[in-house]
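Let's walk through this structure together, one neighbourhood at a time. Have the sequence and the 3D view open side by side as you read.

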Amino acid sequence: MGYLVFRRYPIIPNEIYFLLSVPIGIIFLLFSTSVIYDILKYLINHSSKDIKRREFFKKSLDITALLAATSINAKAMYNARHIQIEEVKIKIKNLKESYSLVQISDVHIGGLVDKEFIASLVKKINLLKADVVVITGDLVDTNLKYAKAALEELENLKSTYGTYFIVGNHEYFHGIENIIETMKSLNIKVLENENIYIGKENSGFYLAGVYDRFGERYGEYKPDIKKALENTEDFPTILLAHQPKFIEEIPSTSNIDLILCGHTHGGQIMPFNLLVKLQQPYISGLYQHNDTTQVYVNKGTGFWGPPMRLGASSEITYINLISN
């Protein structure tokens, strides 16, 4: 309860917030470890009639389980705070010139993801010297007044053609209209069912973006793919859509070369990735959706819930767009 309250209103020191949030992940990982432990213990109890032999295996299992649980939890906490650069080359049909693009997603500003975290993130991104920076939703996950100092750090992002943002489902929970206006005030272009031409004349591409599909439930800020793709026939098109599942709502992707998504966190903590597969068509990495369209899913740059990641590292994606 303390975690849920202070997630929305982070008015306590980060050290206390950490103590409120990290047990959620520890309990889950210990539960998962215990299930495996009980299965192995059952097998040991029925594997041999030799009592001494069984006792030896039981002690070995106890020590191994304790070391494994400790190591897994420590590794999960380490992964959440150490962001990896994922480099990927993506061939785009009819692209006349190569471009570099940095994607971040699911930063979830709030609590431990604070001004210091974002300042460090901005430095990492600027070192990549990208042509374009895109943020594919779930950037803000707390009351806007507590997120503002961290958001202002994003004004320091540097790239050749600017920074572009689309909303995710979490923006709807914290005042989507004010978040959009704040992003615009930071010289960040918000793509609201629209597109913009990127690159040199006659050798660039269109960057399109839609509202999140959660807008249908919210009643406002609904995605409109037809409007987002207006007049994009002349050059390759890259679409920003927060949830991979949105691809199932597009009547035809023949005019979309690449879709950049987030939302899944790559499962964040194993084995949640198995549950995500039940709800989303793609989990993480690059996919060939059909003959004309590829999909890339960012595993998330921050984290939601406990400051832990296991089997799905925090990610800054560095994409080289090259001609096919």
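A residue is called buried when its relative accessible area is under 20%, exposed when it is over 50%, and partly exposed in between (1.4 Å probe, protein chains only). By that scale Arg213 is partly exposed, with a relative accessible area of 21%. Before we go on, a word on the model: it is predicted, so local features need pLDDT of at least 70 and side-chain atom pairs count only at pLDDT 80 or more, while totals for chains, interfaces and linings use all residues. Residues are numbered from 1 along each chain as its sequence is written, and side-chain values use heavy atoms, with hydrogens and water left out.

Back to Arg213, which sits in the loop between E7 and H7. Helices (H or I, at least four residues) and strands (E, at least two) are DSSP runs, numbered from the N terminus. Contact here means heavy atoms within 4.5 Å. Not counting residues up to four places away in sequence, Arg213 touches Pro223, Gln243, Lys245, Phe246, Glu249 and Gln279. Arg213 and Asn169 are 44 residues apart in sequence, yet their C-alpha atoms are 7.6 Å apart in space.

Next, turn to helix H6, which spans residues 176-185. Which of its residues are buried? They are Ile176, Ile179, Ile180, Thr182 and Met183. Looking down the axis of H6, you will find these buried residues within an arc of 160 degrees (taken from the directions from the helix axis to the C-beta atoms), so they line one face of the helix. The buried residues of H6 pack against strand E3 (132-136), helix H5 (144-152), strand E4 (163-166), strand E5 (189-190) and helix H7 (215-218).

Just after H6 comes Asn187, with a positive phi of about 65 degrees. Asn187 belongs to the loop between H6 and E5 and, at 68% relative accessibility, counts as exposed. Asn231 also has a positive phi, of about 60 degrees, although it is not a glycine. Asn231 is placed in the loop between H8 and E8, and its 60% relative accessibility makes it exposed. As background, most residues other than glycine have a negative phi.

Now for the aromatic residues. Rings of Phe, Tyr and Trp (its six-membered ring) pair if their centres lie within 6.5 Å; planes under 30 degrees apart count as stacked, over 60 as edge-to-face and the rest as tilted. The whole structure holds 10 aromatic pairs. In one of them, Tyr172 and Tyr218 have ring centres 5.2 Å apart and planes at 70 degrees, so the pair is edge-to-face. Tyr172 lies in the loop between E4 and H6 and Tyr218 in helix H7, so this pair ties together parts that are 46 residues apart in sequence. Tyr172 is buried, at 4% relative accessible area, whereas Tyr218 is partly exposed, at 36%. Another pair is Tyr206 with Phe235: the centres are 6.0 Å apart and the planes at 65 degrees, so it too is edge-to-face. Tyr206 is in strand E7 (residues 205-209) and Phe235 in the loop between helix H8 (225-228) and E8, so the pair ties together parts 29 residues apart in sequence. Tyr206 is buried, with a relative accessible area of 12%, and Phe235 is buried as well, at 18%. Tyr172, Phe173, Phe214 and Tyr218 form one aromatic cluster.

Tyr206 also leads us to Thr237, as the two are in contact. Thr237 is found in strand E8 (residues 237-240). Is Thr237 buried or exposed? Thr237 is buried, with a relative accessible area of 0%.
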